[in-house]
Amino acid sequence: MAAVIAREVRDGETVAVGTLSPIPAAGVLLARARHAPRAIVIIINHEDYWPFHNGSKEFYDFAQRGKFDLFFLSGGQIDQFGNLNLITIGDHDHPAVRLPGGAGSAMLYYLARRVILFRGDHTRRTFVERVDCVTSPGSSPPRVIRPGGPWKVVTPLAVLAFNRETKRLELESVHPGVSREQVQQATGFPLVAQREGAVTPPPTEEDLAALRGPVREAVAKVYPVFCRTAFLAA
């Protein structure tokens, strides 16, 4: 997943990573180490990649000025329209599950030029036909000013891409060793394949060396538990 995310980072872009996002953090730092040395990287709470000094307000002010080229979001539910749910699952008045809340996700989904959604799992429980509550909409009416929005979704099984014409998620590629049928069985809505048989390129040996070396060291400053459990030993 980190290697897939890294390929989406373009040299010279300003890329921001929010809270609870170790995989995007690893991907962004991998890109900076491999092909995007001029990318400006912002990682919330990271001592080396947090340029703001007055808390999160500066971060959100920066976003509202349209300064983020790429950002990352997730959700308790993600539907075929790219809508995110971070509020409740089940009946809104008597929810079965209360999620952590949207924080700034609704605003960031509008203003970051490209948003990559990510999940550490891929199940029908998460990828639903329609979210129970829309925290952040995948698309907006034409009269609404919206410079950005969903770009892709990265999971342990596949990469989905957002089709801006149909305003729906489509299957871009399956990861090595995963079949299209497996992805469809784990998804609660029909998937249209952009290219039949497309397989996600695996990380290169150089990618793995960077991930297990300097990237791991940098990510560990914010996510030490993740780095102890998710990375293979060098």
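Student: How do the residues of the lining of the largest pocket divide into nonpolar, polar and charged?
Tutor: The model is a predicted one, and its largest pocket holds about 540 Å³ of space. That pocket is lined by 27 residues, and the elements giving two or more residues to this lining are α3 (56–64), β3 (70–73) and α4 (105–111). By class, the lining residues divide into 14 nonpolar, 12 polar and 1 charged.

Student: Which element gives the largest share of the lining of the second largest pocket?
Tutor: The second largest pocket has a volume of about 440 Å³, and among the 20 residues that line it, M1, A2, P203, L208 and L211 are the closest to its centre. Two or more residues of the lining come from each of α1 (2–7), α2, α6 (205–219) and α7 (224–230). The largest share, 4 residues, is given by α1.

Student: How many residues in the lining of the second largest pocket are nonpolar?
Tutor: The lining of this pocket consists of 20 residues, and 2 polar and 2 charged residues are found in it. The remaining class, nonpolar, is represented by 16.

Student: Is S21 buried or exposed?
Tutor: S21 is placed in the loop between β1 (14–17) and α2 (22–34), and its relative accessible area is 2%. Because the cut-off for a buried residue is under 20% relative accessible area, the value of 2% classes S21 as buried.

Student: Which residue in β9 does I78 stand opposite?
Tutor: An open sheet is formed by 3 strands in the order β5-β4-β9, with mixed pairing, and its edge strands, each pairing on one side only, are β5 (84–85) and β9 (127–128). Strand β4 (residues 77–79) is joined to β9 by 2 bridges, and these two strands run parallel. Within β9, the residue opposite I78 is F127.

Technical notes
Residues numbered from 1 in each chain as written. Predicted model: local features only at pLDDT ≥ 70, side-chain atom pairs only at ≥ 80, totals over all residues. Heavy atoms only, no water. Buried < 20%, exposed > 50% of the residue type's maximum accessible area, 1.4 Å probe, protein only. 1 Å grid on protein atoms, 1.4 Å probe; cavity = no way out; pocket = protein on both sides within 12 Å on 5 of 7 lines; lining within 4 Å. Points joined across faces, edges and corners; volume = space filled by probe spheres on them. Nonpolar A, V, L, I, M, F, W, Y, C, P; charged D, E, K, R; others polar. Pairing = 2+ DSSP bridges.
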